[in-house]
Amino acid sequence: MSIIIDGWDHLRSGKVRDLYTNSSGQLLIVASDRISAFDYILPTEIPGKGKLLTQLSLFWFEMFADLVPNHLISSDVPDVVKGRAVIVKPLDMFPIECVARGYLAGSGWVEYQKSQSVTAIPLPAGLLDGSKLPEAIFTPATKAEMGDHDENIAFDRASAIVGLNDANELRELTLQLYSTARDYAATRGIIVADTKFEFGRDNEGKIRLGDEALTPDSSRFWSADTWKPGGAQPSFDKQYIRDWLLESGWDRNSPPPELPADVVEKTRARYETAFTLLTGRKI
């Protein structure tokens, strides 16, 4: 899964990223072209995806620089991973996913149908799949091991995991970053329905934004022109692949199937469209 990079020792590989370290204790995060769905790494890659995720995260890190520090040291990386890797500070990561939702979708929609709430946050009656929420909400989740499912949790449980003060600060940061991105994306014709962040403390105890930020892997991006509550929304993220897998007959308990060439191309095109709309640049 990993590649050999001079001066860097491979530490571990996740669903999408490979992590390396050097003699100075810095980390090199390499975004691969792998794609995951339903907690499986799919056998087919999406060409250019790793570079897109990295460059889009860098775009958001720069936008958020005055709101929260991040883990970035440099994007000047070895040629073999140029464009799809960053050198970062090691962080002591908080063991929760920090999720912000401005619209009802995915697991939030599933939970709402059962309890008219999401992570114990009560919501108005009569909302539909894709409805805009009265205000953005913080809906943390546990970080699952590879192959397991993340679990949405109430704020009280998140507080028990990380401590009340940190939970409050993470909630405030998450909603601040989400609202900033949501308002900016709206000017580019994109709805950010939801997204997740990861935070950690550096060796001085300062909370920093880590991992990735507002990519099609970590967010739901919808077209503002076609948004219509009441069902699945046309999207610029990997929902297209999820939908194809669900329709393919795959049982979600066995190794996933290869993706057809047209599904790969349409997914790649959606990711590139999101990147260009948000940044004004071609990848």
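Colleague: Which exposed residues sit on the face of α2 turned away from its buried side?

Modeller: Bear in mind that this is a predicted model, where local features need pLDDT of at least 70, side-chain atom pairs count only at pLDDT 80 or more, and totals for chains, interfaces and linings use all residues. Residues are numbered from 1 along each chain as its sequence is written, and side-chain values use heavy atoms, leaving out hydrogens and water. Helices (H or I, at least four residues) and strands (E, at least two) are DSSP runs numbered from the N terminus, while exposed means over 50% relative accessible area, buried under 20% and partly exposed in between, using a 1.4 Å probe and protein chains only. On that face of α2, the exposed residues are Gln 113 and Lys 114.

Colleague: And how many degrees of arc do the buried residues of α2 cover around the axis?

Modeller: α2 runs over residues 106-115, and its buried residues are Gly 108, Trp 109 and Tyr 112. They share one side of α2 because their arc, taken from the directions from the helix axis to the C-beta atoms, is only 100 degrees.

Colleague: Which strands are part of what covers those buried residues of α2?

Modeller: Cover here is a matter of contact, with heavy atoms within 4.5 Å. What covers them includes β9 (96-103) and β10 (117-118).

Colleague: Which residue follows α2, and what is its phi?

Modeller: Most residues other than glycine have a negative phi. The one following α2 is Gln 116, and its phi is positive, near 55 degrees.

Colleague: What phi does Thr 119 have, and is the residue buried or exposed?

Modeller: Thr 119 belongs to the loop between β10 and β11 (121-122). Although not a glycine, Thr 119 has a positive phi of about 45 degrees. With 5% relative accessibility, Thr 119 counts as buried.

Colleague: Where is Asp 39, and what is its relative accessible area?

Modeller: Asp 39 is another non-glycine with a positive phi, about 70 degrees. Look for Asp 39 in the loop between β4 (36-37) and β5 (40-41). Asp 39 is buried, and its relative accessible area is 18%.

Colleague: How far apart in space are Val 30 and Gly 230?

Modeller: Val 30 is in strand β3 (27-31) and is buried, with a relative accessible area of 2%. Beyond four places in sequence, Val 30 touches residues including Ile 5, Val 16, Tyr 20 and Val 81. Gly 230 is 200 residues away from Val 30 in sequence, and the C-alpha to C-alpha distance is 38 Å.

Colleague: Zooming out, what radius of gyration does the protein chain have?

Modeller: The chain has six helices and 16 strands, and 49% of its 283 residues count as buried. The globule rule is 2.2 Å times the number of residues to the power 0.38, with the radius taken over C-alpha atoms. For 283 residues a compact globule would come out near 19 Å, which agrees with the chain's 18 Å.

Colleague: What share of contacts between residues at least 6 apart in sequence joins residues at least 24 apart?

Modeller: The C-alpha trace spans about 55 × 50 × 40 Å along its principal axes. Among those contacts in the chain, the share joining residues at least 24 apart is 60%.
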